[in-house]
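Colleague: I've got a model open and I'd like to walk through it with you. Can you take my questions one at a time?

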Amino acid sequence: MENNYDILLNLLKKSVIPATGCTEPIAVAYATARAAEKLTNKDLVSIEVQVDSNIYKNGLMVTIPGTQERGLLAATAFGFLFGQTEKGLRVIEGLQKKDVQKARDLLAKNKISVALNPDFQGLHIEVLLTTELEKVRVITQGSHLNIVSVEKTSSSGAFKPYLSINLNKNNAALNQGIRKYSLADFLEFSNKIDISELHFLNEGVQMNFAIAKEGMSIDSGVSQALVKLIKEGLISDNVITYAQILCAAASEARMGGSSLPVMSTAGSGNQGITAFLTNCAVAEKQNLPYEKLLRSLALTNLITLFIKSYTGTLSAMCGCGVAAGIGASAGVVNLFDGTQDQIMGTLYNMVGSITGMVCDGAKEGCAYKLALASGWAVQSALLALKGAIIHNTDGAVSPKFEQLFQNLGYL
């Protein structure tokens with residue numbers, strides 16, 4: 001197995017990357033910015049954007065970082081005017097007031113349109129940018145920054161129909177890369193790899209704590225309310241509520257337009273918040289060694305990536321609950337030195353209970369879902385450690401690690 005450490009480490013590093021703002025409008029901004037980079041002049045006639053249902057749903061109402069503007073139209077405008085693709089998921093980071101006004105002026109000209117294309121399956125974005133002299137078409141598929149086609153022609157020219165890549169094949173390298181490993185492999189890697197190799201995860205800890213701190217100051221926010229309830233003696237100050245406070249605060253700040261970045265996991269900032277801060281809350285409350293936290297974060301993120309290989313980059317279910325929340329619960333068991341069987345136990349508990357939490361789009365209300373997912377992830381782990389485990393053939397639950405998440409992906 002040791003020979004595979006480099007492969008798993010590489011998968012982990014590719015999956016855990018910084019992002020500023022909700023990744024769905026950011027993906028649209030990124031594709032638009034790539035199209036703008038191909039132009040020789042910017043006398044804009046129109047920008048036509050078509051997206052799949054999940055991009056549309058997740059990008060419809062969420063706030064663009066550093067602004068009060070919402071949605072995919074605004075994301076398109078910012079991407080065209082200010083996008084820098086070399087920044088990846090931070091493509092429109094650092095917007096100023098004058099930039100916002102410039103984007104508003106562009107939007108007022110009604111040159112940008114965004115449409116839901118019901119024929120698009122999986123994550124799919126098409127941007128058609130037209131100027132007086134030329135056209136550029138950019139197509140993204142499979143994952144947020146995975147641009148599969150960039151074409152340019154004259155303004156009077158036409159593009160040939162693009163043959164959509166089979167998304168299963170498009171994601172085959174990632175899926176085959178992670179799916180060939182077992183829970184035992186993930187545990188061995190996480191607990192035995194030289195700790196210096198995992199120090200990059202510290203950036204995620206610091207980044208996600210910073211935005212949580214910002215979120216704690218939101219008036220009438222979830223985290224403020226939880227703190228008040230603790231002071232009033234109505235709920236307890238423990239590892240469960242602390243995880244909820246941190247995750248809810250970070251999500252509420254991020255969904256509300258915070259300009260601070262987060263460390264994302266498997267294509268989602270909110271998944272990254274759930275994965276990192278649930279583990280951090282337990283480690284801090286229990287005063288556990290930092291090395292133990294980093295190792296549990298590695299396990300959490302690998303399991304989250306494994307789950308997402310079956311459920312897809314985007315889905316109708318909340319990835320913070322049914323992917324990162326499940327991964328985080330395994331990390332919590334690992335923090336408490338639980339066995340592999342106890343980790344499987346918390347996976348059973350999570351799949352057998354939280355499965356079905358619907359994703360109804362990205363917005364400030366996601367904070368409540370992260371509070372639910374993180375709190376239950378900790379409780380589920382603690383129950384498993386005490387031997388309270390859902391039977392491994394209940395409903396969608398399966399005794400086998402891989403089949404468990406195949407079932408989840410099928411649902």
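Colleague: Let's start with isoleucine 211: is it buried or exposed?

Modeller: Keep in mind that this is a predicted model. Isoleucine 211 has a relative accessible area of 0%. Buried means under 20%, so isoleucine 211 counts as buried.

Colleague: Which residues does isoleucine 211 touch, leaving out those up to four places away in sequence?

Modeller: Isoleucine 211 sits in helix α9, residues 201–215. One of its contacts is Arg254, which lies 43 residues away along the chain, although the two C-alpha atoms are separated by 7.3 Å.

Colleague: How are α9 and α11 oriented where they pack?

Modeller: Helix α11 covers residues 239–255, and its axis is 7 Å from that of α9, at an angle of about 85°. Angles of 65 to 115 degrees count as roughly perpendicular. So α9 and α11 are roughly perpendicular.

Colleague: And what classes of residue make up the contact of α9 with α11?

Modeller: From α9 come Asn208, Phe209, Ile211, Ala212, Glu214 and Gly215. Facing them in α11 are Tyr242, Leu246, Ala249, Ala250, Ala253 and Arg254. By class, that contact has 8 nonpolar, 2 polar and 2 charged residues.

Colleague: Over to the sheet: which are its edge strands?

Modeller: The sheet is open, with 5 strands in the order β3-β2-β4-β5-β6 and mixed pairing. An edge strand pairs on one side only, and here those are β3 (112–116) and β6 (147–154).

Colleague: Which residue in β6 stands opposite isoleucine 139?

Modeller: Strand β5, residues 134–141, pairs with β6 in the antiparallel sense over 7 bridges. Within that pairing, look for isoleucine 139. Its opposite number in β6 is serine 149.

Colleague: Which strands does helix α4 touch?

Modeller: Helix α4, residues 71–82, packs on the sheet, and its direction makes about 130° with that of β3. The strands it touches are β2 (44–51), β3 and β4 (124–131).

Colleague: Last one: how far does helix α16 reach from its first C-alpha to its last?

Modeller: Helix α16 runs over residues 366–385, so 20 residues, and glycine 387, with a positive phi near 90°, follows it. At 1.5 Å a residue you'd expect 28 Å. The model comes close to that, with a reach of 29 Å.

Key:
Residues are numbered from 1 along each chain as its sequence is written. This is a predicted model: local features need pLDDT of at least 70, side-chain atom pairs count only at pLDDT 80 or more; totals for chains, interfaces and linings use all residues. Side-chain values use heavy atoms; hydrogens and water are left out. Two strands pair if DSSP finds at least two bridges between them. Helices (H or I, at least four residues) and strands (E, at least two) are DSSP runs, numbered from the N terminus. Contact means heavy atoms within 4.5 Å. Axes are lines fitted to C-alpha atoms, for helices over the stretch in contact, and angles run from 0 to 180 degrees between N-to-C directions. The expected span of a helix is 1.5 Å times one less than its number of residues. Buried means under 20% relative accessible area, exposed over 50%, partly exposed in between (1.4 Å probe, protein chains only). Angles under 35 degrees count as roughly parallel, over 145 as roughly antiparallel, 65 to 115 as roughly perpendicular and the rest as oblique. Ala, Val, Leu, Ile, Met, Phe, Trp, Tyr, Cys and Pro count as nonpolar, Asp, Glu, Lys and Arg as charged, and the others, Gly among them, as polar.
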